[in-house]
Amino acid sequence: MESDNLRGAAGGRPGGTAAAMPADRLSMRTKRLLWVWGFLAIPVLFYTVIRFYPTFQAFYLSMTNWDLVRPAKFVGFANYVKLFKDPQFWKVFRNTFTYLIIGTPLSLLIAFTVAFFLDRVRFMHNFIRALYFLPYLTTAAAMAWVWRWFYQPPPIGVINDVLALIGIPQQPFIRSTDQALFSIMVTAIWAGLGFQVIIFMAGLRAIPTTFYEAARIDGLGEWAILRKITLPLLKPTTVFLVVFSSIAFLRIFDQVYNMTTNDPGGPLGSTKPLVLMIYQTAFGSYAMGYAAAQTVVLFTILLIVSLLQLWILREKK
Amino acid sequence: MTDTPALSHANIRPGRIIIWTLLFIGGLIMISPLLFMFSTSLKTADQVYDLRLIPAAPTLANYISVLADGRFMRWFLNSMFVAVTVTISNCFFDSLVGYTLAKFEFRGRYFVFIAILSTLMIPTEMLVIPWYLMSSQLGWLDSYWGIMFPGMMTAFGTFLMKQFFETVPNNFIEAARVDGLNEFQIWWKVAMPLVTPALSALAIFTFLGNWTAFFWPLIVTTSKELYTLPVGLSSFAVEQSIQWEMIMTGAAIATLPTLIVFLVLQRYIVRGVMLAGLKG
């Protein structure tokens with residue numbers, strides 16, 4: 001990639017200087033070209049060294065048995081074979097997709113409902129919007145601890161105290177293998193909801209009011225307008241948010257790590273997502289090659305999700 | 001859900017009041033973790049079990065003891081330094097590259113653009129192992145530069161700025177050339193002031209992203225002096241085990257700066273989110 005860039009620069013320059021001699025105008029072109037590559041020099045170096053080279057290195061490392069101590073030895077696809085045979089990986093894979101498959105539709109449904117009605121509210125509009133948006137600005141590592149406190153057993157756990165008030169028995173939340181994943185999911189949905197509400201509202205505002213007026217003249221009811229006009233026209237916004245939220249859930253880490261610090265990903269690995277497995281493999285057991293293979297799998301999954309978005313949006317045209 | 005026209009708001013009907021009330025209650029639930037956090041941070045250890053939102057005898061003792069500890073101040077300043085530096089770097093380089101790609105014709109332009117854009121597809125998680133290797137070889141582990149270097153430029157910022165520089169009229173730039181400004185001056189003095197909304201959106205996003213960043217700082221720092229606030233808070237909370245009033249105080253200190261920034265800049269932030277969301 002780097003050599004291609006240099007060829008591009010070198011290819012431009014001699015042509016410029018050669019033609020520069022007859023006319024002053026062309027020497028200005030050369031000068032401008034020098035400015036261009038002057039502006040781009042540091043960024044091109046940055047992207048090459050900090051982005052592209054590490055990307056290829058990650059692919060390479062995924063085929064080695066590197067462990068920080070001994071020099072890396074090429075092992076082909078052994079890491080991938082090991083990974084796909086590893087029951088822990090499949091458990092983590094299932095956890096990660098549980099976050100995604102339940103978390104994304106749930107948070108989008110809530111966000112859309114809030115945005116749809118908030119869009120019509122004028123009284124204290126900005127204030128209510130701020131209430132929904134504020135959690136988005138918080139630090140996951142900090143708020144995970146607040147939620148962790150909320151989920152404690154009585155008398156200290158706020159949620160269990162509220163449940164007791166309405167006569168529901170005490171729940172174990174993050175202490176149980178059945179509920180922990182969903183308890184963490186709630187925290188993640190809570191943190192991301194404000195962003196989705198704002199984006200949905202922007203999407204709703206972008207629909208021309210003439211569409212609604214025409215529909216009303218045609219005698220469509222609220223429900224029909226929602227189904228036939230609002231939702232179809234909101235499709236690009238929805239697709240964007242589905243992808244954005246899916247990627248966030250596929251990469252979930254901060255909340256899980258901080259809500260289960262005594263046994264990260266616990267209890268019994270029931271909340272462990274892929275990124276936490278990567279973290280533990282790489283920086284807990286220093287199996288760097290094996291961890292690199294896991295990151296390549298994550299990359300592949302994210303790539304598929306992104307390509308799906310492009311494909312769905314292309315279908316529309 | 002009522003048959004009221006969506007955009008007329010002159011008439012007040014029971015349905016609207018119900019909707020408003022439900023939205024308000026939902027909003028209260030949304031900020032309740034923040035309310036409880038601040039409330040508990042103002043309580044003494046023996047009041048923590050009393051779940052009243054307004055503390056019986058509010059005290060700043062927790063804040064004083066957390067800040068007197070010294071570590072928190074250090075982590076706070078570390079985070080501030082890292083987030084501000086990375087934000088400045090992004091505003092400078094992302095704009096410069098975005099401008100160059102938007103306003104100059106040169107061979108390789110499309111290639112550079114696609115190459116930068118393609119890095120959006122690469123998740124950080126895939127790069128951390130090579131970054132860690134690079135940092136350990138170059139002695140960047142456990143240093144500010146080590147925390148900051150991966151984020152000094154971003155493809156997202158470059159793309160955002162390019163989109164906005166494209167709206168700057170070419171004759172402004174030509175006029176500045178005629179006036180004898182060099183290309184750097186044209187960018188800095190003519191083009192940059194015209195894209196301040198995009199620039200402020202980029203600044204807000206970069207700052208927020210770096211202020212709350214956890215994964216890479218957790219990996220690259222090992223000595224407590226270099227922790228950023230989220231990493232420090234995490235280790236602090238583990239160490240406090242069940243002293244919830246202390247943990248809540250730490251969490252409150254980590255949350256306050258962004259809340260203050262939000263209250264001051266609410267309009268710009270919401271607009272910035274919309275802008276970035278729709279362009280990205």
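The legends below describe close-up views of a predicted model.

In this predicted model, local features need pLDDT of at least 70 and side-chain atom pairs count only at pLDDT 80 or more, while totals for chains, interfaces and linings use all residues. Residues are numbered from 1 along each chain as its sequence is written, and chains are lettered from A and ligands numbered from 1 in the order in which they are written.

**View 1. Side of chain B that touches chain A.** In this view, 83 residues of chain A are in contact with 74 residues of chain B (contact: C-beta atoms, placed from the backbone, within 7 Å). Helices that each supply at least two residues to this side of chain B include α1 (14-41), α4 (109-118) and α12 (229-240); helices are DSSP runs of H or I with at least four residues, numbered from the N terminus. The most is given by α13(B), with 15 residues. By residue class, this side of chain B has 58 nonpolar, twelve polar and four charged residues. Ala, Val, Leu, Ile, Met, Phe, Trp, Tyr, Cys and Pro count as nonpolar, Asp, Glu, Lys and Arg as charged, and the others, Gly among them, as polar.

**View 2. Packing of α3(B) against α10(B).** The axes of α3(B) and helix α10 (residues 196-211) of chain B are 8 Å apart, and the helices pack at an angle of about 145°. Axes are lines fitted to C-alpha atoms over the stretch in contact, and angles run from 0 to 180 degrees between N-to-C directions. Residues making the contact include Val82(B), Val86(B) and Asp94(B) of α3(B), and Leu199(B), Phe207(B) and Trp211(B) of α10(B). The contact comprises nine nonpolar residues, six polar and one charged.

**View 3. Two domains of chain B.** The domain assignment, which is automatic or from a database, gives domain 1 (14-59) and domain 2 (68-279) of chain B. Their centres, taken over C-alpha atoms, are separated by 33 Å. Nine residues of domain 1 of chain B are in contact with eight of domain 2 of chain B. On the domain 1 side, five of these residues are nonpolar, three polar and one charged.

**View 4. Ile42(A) in helix α2 of chain A.** Ile42(A) lies in helix α2 (residues 24-61) of chain A. Between the C-alpha atoms of Ile42(A) and Ser306(A) the distance is 29 Å, and the two are 264 residues apart in sequence.

Notes. Two residues are in contact if their C-beta atoms, placed from the backbone, lie within 7 Å.
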